[in-house]
Amino acid sequence: TTIHCTLTVVRQTKERRLEMSKSLSNTFLALIVGLLAAIGLLIALGSSPPVARAFPSYTAVGGHISADTTWTAAGSPYTFTSDVIVDTGVTLTIEAGVVVQGGSNAELLVRGHLKATGTATNPITFTSLTNSDPGQWQGLAFDGGSGNLEHVVVRYGASNNNSLGYKSNITIIGVTKTVRIANSTIVSGSYGGSIGDYGVYI
């Protein structure tokens with residue numbers, strides 16, 4: 001009995017040691033895996049993360065404006081998909097800081113009223129889609145309409161004859177009220193030597 005008990009104790013002790021050894025091995029393995037994961041995380045944090053590049057937002061406009069409308073700085077830039085026509089009796093108000101971009105065959109035609117009042121430090125800009133060279137859009141045309149333009153920049157117009165038959169940054173024809181332009185810059189139209197190439201045609 002004594003021998004049997006002794007053998008039993010010895011066997012139990014050996015089994016206990018084996019279990020402890022296995023447990024220590026598993027713990028050690030877990031520590032190694034955790035350490036490797038931590039090292040990988042540090043490497044990832046130390047590397048430059050990919051930069052998210054958002055597409056620039058804009059407001060597409062085109063066709064007739066048949067009710068009083070305001071183009072806000074928050075919606076800028078306003079990009080023409082076709083001619084924009086301010087109908088008779090309608091006012092288009094453009095806030096300071098707004099950028100208006102026209103395509104090669106697009107114009108802003110005013111038969112109502114255009115109110116574009118910028119500031120010296122935050123002007124309103126009328127330009128082309130690419131904003132790079134003269135003759136890239138048709139510009140502003142007042143066809144009997146009126147306007148108040150102050151602290152505006154009009155550039156890169158006169159791509160083709162506008163609906164009034166002229167190539168210019170601004171065309172003013174047949175007005176019965178006032179078109180006022182003050183403290184503004186009209187520059188870089190298309191002056192190719194053709195009849196009708198103007199900065200402002202009145």
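Let's start with a pair of residues: alanine 141 sits opposite threonine 171 of S12. S12 covers residues 167-173, and strands here are DSSP runs of E with at least two residues, numbered from the N terminus. Strand S9 (residues 140-143) pairs with S12 in the parallel sense, over four bridges; for two strands to count as paired, DSSP has to find at least two bridges between them. S12 is mostly covered, with six of its seven residues buried. Buried means under 20% relative accessible area, exposed means over 50%, and partly exposed is what lies in between (1.4 Å probe, protein chains only).

A word on what you're looking at: this is a predicted model, where local features need pLDDT of at least 70 and side-chain atom pairs count only at pLDDT 80 or more, while totals for chains, interfaces and linings use all residues. Residues are numbered from 1 along each chain as its sequence is written, and side-chain values use heavy atoms, with hydrogens and water left out.

## The whole chain

The protein chain has one helix and 15 strands; a helix is a DSSP run of H or I with at least four residues. Of its 202 residues, 34% count as buried. Take the contacts with a separation of 6 or more: residues 24 or more positions apart account for 56% of them. A contact here means heavy atoms within 4.5 Å.

## A five-strand sheet

Five strands make up an open sheet with parallel pairing, in the order S2-S4-S7-S10-S13. Strand S2 (69-71) and strand S13 (179-182) stand at the edges with a single partner strand each, so one side of each has no neighbour in the sheet. From one strand to the next, the twist averages 10°, using axes that are lines fitted to C-alpha atoms, with angles from 0 to 180 degrees between N-to-C directions.

Strand S10 (residues 146-150) runs parallel to S13, and four bridges join them. Leucine 149 has isoleucine 181 in S13 as its bridge partner.

Alanine 116 belongs to strand S7 (residues 113-117). How buried is alanine 116? Its relative accessibility is 0%, so it counts as buried. Leaving out residues up to four places away in sequence, alanine 116 touches Ile94, Ile124, Phe126, Asn148, Leu149, Glu150 and Val152. Its C-alpha atom is 8.2 Å from that of leucine 92, which is 24 residues away along the chain.

## The nonpolar core

In soluble globular proteins, nonpolar side chains tend to be buried together. The largest nonpolar core in this model has 28 residues. Such a core is a set of buried Ala, Val, Leu, Ile, Met, Phe, Trp, Tyr and Cys residues joined through side-chain atoms within 4.5 Å. The residues with the most contacts inside the core are Trp71, Phe80, Ile94, Leu108, Phe126, Leu140 and Phe142. Strand S3 (residues 78-86) gives the most to this core, with four residues.

Isoleucine 94 is worth a click. Setting aside its neighbours within four places in sequence, it is in contact with Trp71, Val100, Leu114, Lys115, Ala116, Thr117, Ile124 and Phe126.

## Aromatic rings

Searching the whole structure turns up four aromatic pairs. Rings of Phe, Tyr and Trp (its six-membered ring) pair if their centres lie within 6.5 Å; planes under 30 degrees apart count as stacked, over 60 as edge-to-face, and the rest as tilted. Tryptophan 71 and tyrosine 78 are stacked, at 4.9 Å centre to centre and with 10° between the planes. Tryptophan 71 is buried at 4% relative accessible area, and tyrosine 78 is buried at 5%.

Phenylalanine 80 and tryptophan 137 pair edge-to-face, at 6.2 Å centre to centre and with 75° between the planes. Phenylalanine 80 lies in strand S3 and tryptophan 137 in the loop between strand S8 (124-128) and S9, so this pair ties together parts 57 residues apart in sequence. Both residues of the pair, phenylalanine 80 and tryptophan 137, are buried. Ring pairs link Trp71, Tyr78, Phe80 and Trp137 into a cluster.

## Two more residues to look at

Threonine 127 is in strand S8 and is buried, with a relative accessible area of 2%. Its side chain makes a polar contact with the side chain of asparagine 131 (2.7 Å). A polar contact is a pair of N or O atoms within 3.5 Å; within protein, one must be able to donate a hydrogen and the other to accept it, and residues adjacent in sequence count only if both atoms are side-chain atoms.

Glycine 63, in strand S1 (residues 59-65), is partly exposed at 22% relative accessible area. Not counting residues up to four places away in sequence, glycine 63 touches Ser82, Asp83, Val84 and Ile85.
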